[in-house]
2 protein chains.
Amino acid sequence: MDEFGLIRSLTHGRQSRELLSKNGVVVGIGDDSAVTAPSPGQHTVMSCDTMVQDVHFKTITMNSADVGFKAMAAAVSDIAAMGAAPRHALVSISIPKRLPVTAVNELYEGLYACADAFGVAVIGGDTTSSPESLVISVTAVGEAEPGRALMRSAARPGDIVFVTGWPGCSAAGLDYLLGRAVASDPDETFAQPLETLVRAHRRPLPRVEAGRILLLSGRCHALNDVSDGVASEAWEIAEASACGIWLDEASLPVHPDMTAYAAETRRNPLDWLLFGGEDYELIGTMPRMYAEQVGGAVQATGLPFTVIGEVTDSFAGVRMRSSDGRTETLDKKGYNHFA
Amino acid sequence: MDEFGLIRSLTHGRQSRELLSKNGVVVGIGDDSAVTAPSPGQHTVMSCDTMVQDVHFKTITMNSADVGFKAMAAAVSDIAAMGAAPRHALVSISIPKRLPVTAVNELYEGLYACADAFGVAVIGGDTTSSPESLVISVTAVGEAEPGRALMRSAARPGDIVFVTGWPGCSAAGLDYLLGRAVASDPDETFAQPLETLVRAHRRPLPRVEAGRILLLSGRCHALNDVSDGVASEAWEIAEASACGIWLDEASLPVHPDMTAYAAETRRNPLDWLLFGGEDYELIGTMPRMYAEQVGGAVQATGLPFTVIGEVTDSFAGVRMRSSDGRTETLDKKGYNHFA
């Protein structure tokens with residue numbers, strides 16, 4: 001069997017008829033294009049996310065299955081960040097000729113593990129060879145109620161700023177994996193606190209359910225996903241909404257396993273939380289009076305929801321009130337591909 | 001301005017409000033995802049096509065603007081090959097750090113030239129750096145009437161087989177460009193017969209209008225676009241439809257400029273037509289009794305429409321009747337990425 005035959009066997013008929021049917025798939029993988037039936041009255045939400053070997057991941061940080069999982073997770077997270085429900089994905093993979101067949105197999109395993117977990121039907125894509133680096137690009141397609149998709153630009157002065165989960169763990173996990181510089185092994189297990197951090201880096205979960213709760217609550221204003229660190233995402237909201245954001249250092253949710261690893265390595269865990277990336281948690285704003293009720297609904301799903309600051313019209317940009325009473329302007333910095 | 005700033009300036013606000021509005025764009029480039037309003041009662045048609053430097057093109061065969069144009073054309077062609085109307089595109093580009101800013105600019109020029117020509121709204125994408133090769137992946141999204149998208153699997157015995165345009169010219173143009181091995185220059189002009197062939201290779205036009213005529217006629221059965229040569233596409237239709245296809249050598253439309261170049265280089269132009277690729281012409285089947293009327297409607301747009309064979313249930317696969325009366329089985333061969 002050649003590589004095309006392998007990929008065919010790894011994609012055709014892989015997902016259940018129920019999953020495809022539930023997502024309105026009329027023509028799936030195998031023709032020039034896929035055909036789907038939109039849900040009546042819904043708008044379509046689309047995004048695209050690309051991961052490039054040696055730019056977004058290295059063989060010392062990620063197994064092939066993790067790469068597949070995370071590429072799907074990142075694209076689905078862009079749908080979640082609008083409060084939309086993901087339905088479909090198209091996957092383009094450029095595969096280096098020297099990549100072993102087992103690695104290709106694992107890549108698709110991870111990709112479908114994430115798609116299945118979030119009820120996403122993989123309906124098409126393109127597979128090509130690549131001279132050097134593995135490149136995986138996922139287009140995710142979802143649906144949202146007309147006029148209700150949650151934009152970055154909708155923050156209003158007086159809103160509180162919230163974040164879900166434990167941002168920074170992914171960057172801490174990356175720090176560990178880069179530091180030890182050992183080829184990754186799919187069978188390796190980690191003791192705590194490393195397990196939490198490595199898992200956050202390799203298998204981030206897009207916050208689809210929280211996004212839907214936030215949209216359907218009708219209370220959420222701005223929303224973004226944390227792909228480049230809390231400071232960078234707060235900057236995006238502040239700039240798009242033409243307002244300022246205060247973050248409270250003492251409120252930032254620092255996972256105890258991140259604290260433990262930071263202590264061991266003599267680092268400041270806030271550097272990972274504010275300036276690390278790829279957590280795919282949600283950061284957003286809403287009027288203070290609704291935070292307890294809506295936040296409670298998110299927490300009821302098992303996901304932390306933390307108020308970390310507030311929106312203001314008294315300055316532009318992002319500032320932090322430190323625990324010791326000082327204030328400082330936060331950099332936008334996140335990962336810049338061309339720096 | 002850094003590269004991200006450049007790309008922002010090359011994409012934000014680039015297309016007219018009229019174009020976006022006509023295509024139901026509610027949220028365009030700039031947030032986590034784009035949001036669009038589906039046309040009432042239509043199905044959504046989606047496909048993805050990827051071009052990789054040194055796999056699909058080289059700097060000696062394509063200028064940056066051509067790469068952008070052709071990447072968009074290839075994705076739109078997959079929509080045309082269903083008889084659907086293209087509406088939106090998402091573009092992922094991985095850019096080598098050493099690529100000059102002028103080349104990035106030209107790439108987007110070509111991309112938008114094609115999108116504008118076919119009324120496609122570019123609503124999102126992802127831009128990353130790449131360690132080595134330029135990779136461009138376009139997801140095209142269109143619409144078709146429910147139950148009427150034209151599939152590869154719909155050919156029936158007794159149908160005629162048709163093709164639009166002049167397939168093979170792109171492969172002949174590639175042959176010339178590879179043979180001379182000179183760095184491509186956007187300002188270079190070519191004398192005939194080369195102009196026809198080089199243009200077919202660098203600026204192929206997806207057959208959107210013909211695809212719509214074919215679908216809306218209600219007479220067309222199978223449809224495919226010629227991305228890997230007429231023989232390879234006929235094989236795809238034959239296999240998907242579980243039937244055989246006869247091609248008539250004497251009927252194959254050989255462009256006079258391809259004949260001239262073939263004579264000069266002592267080659268058989270049918271090799272390009274049957275086994276070359278990237279023409280993005282349409283190949284399909286329909287009952288013989290409708291060919292004149294429907295073909296006439298396609299020809300009225302200025303595009304050749306030629307009956308080149310017929311569908312049979314007397315064998316499986318693809319055979320050709322030669323002009324001298326012999327018959328031969330045609331290979332499936334087209335470009336195989338992993339060969």
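How many Å separate the centres of domain 1 of chain A and domain 2 of chain A, taken over C-alpha atoms? In this predicted model, the two centres lie 26 Å apart. The domain assignment of chain A places domain 1 at residues 3-144 and domain 2 at residues 152-329, and the contact between them draws 27 residues from domain 1 of chain A and 27 residues from domain 2 of chain A.

**The contact between the domains of chain A**

Between them, domain 1 and domain 2 of chain A bury about 2200 Å², with 59% of this area on carbon and sulfur atoms. Polar interactions also cross the boundary: three salt bridges are counted between the two domains of chain A, together with 10 residue pairs in polar contact, both residues being at pLDDT 80 or more. On the side of domain 1 of chain A that touches domain 2 of chain A, the elements α3 (64-80), β4 (85-96) and β6 (135-144) each supply at least two residues, and α3(A) makes the largest share with 10 residues. By class, that side of domain 1 of chain A comprises 15 nonpolar, six polar and six charged residues.

**The contact between the chains**

Chain A and chain B meet through 65 residues of chain A and 64 residues of chain B. The area buried between chain A and chain B is about 4800 Å², and carbon and sulfur atoms account for 60% of it. The count between these chains is four salt bridges, and 19 residue pairs, with both residues at pLDDT 80 or more, are in polar contact between chain A and chain B. Which strand of chain A gives the most to the side of chain A that touches chain B? Strand β3 (residues 43-52) of chain A does, with nine residues. The residues on that side of chain A divide into 28 nonpolar, 25 polar and 12 charged.

**Salt bridges**

Side chains of opposite charge can pair when their charged atoms come close. Over all chains, the structure holds 36 salt bridges, and the table lists some of them.

| Residue | Partner | N to O distance |
|---|---|---|
| A:Arg203 | A:Asp66 | 2.9 Å |
| A:Asp32 | B:Arg152 | 3.0 Å |
| A:Glu145 | A:Arg212 | 2.8 Å |

In the pair formed by A:Glu145 and A:Arg212, the closest N and O atoms are 2.8 Å apart.

**Aromatic pairs**

A pair of aromatic rings is described by the distance of the centres and the angle of the planes. The count over all chains comes to 10 aromatic pairs, one of which joins A:Tyr261 and A:Trp272 with 5.6 Å from centre to centre and 25 degrees between the planes, a stacked arrangement.

**Backbone features**

Most residues other than glycine have a negative phi, and most peptide bonds are trans. Against this background, a cis peptide bond joins A:Gln192 and A:Pro193, with omega about 5 degrees, and A:Pro193 lies in the loop between α5 (169-180) and α6 (194-202) of chain A. In chain B, a cis peptide bond likewise joins B:Gln192 and B:Pro193, with omega about 5 degrees, and B:Pro193 is found in the loop between α5 (169-180) and α6 (194-202) of chain B. The loop between α5 and α6 of chain B also contains B:Ala181, a residue other than glycine whose phi has a positive value, near 50 degrees.

How values were computed. Residues numbered from 1 in each chain as written. Chains lettered and ligands numbered in written order. Predicted model: local features only at pLDDT ≥ 70, side-chain atom pairs only at ≥ 80, totals over all residues. Heavy atoms only, no water. Domains from an automatic or database assignment. Contact = heavy atoms within 4.5 Å. Buried area = accessible area lost by both parts, 1.4 Å probe. Salt bridge = Lys/Arg side-chain N within 4 Å of Asp/Glu carboxyl O. Polar contact = N/O pair within 3.5 Å; in protein donor to acceptor, adjacent residues only side chain to side chain. Helix = DSSP H or I, 4+ residues; strand = E, 2+ residues; numbered from the N terminus. Nonpolar A, V, L, I, M, F, W, Y, C, P; charged D, E, K, R; others polar. Phe/Tyr/Trp six-rings, centres within 6.5 Å; stacked < 30°, edge-to-face > 60°.
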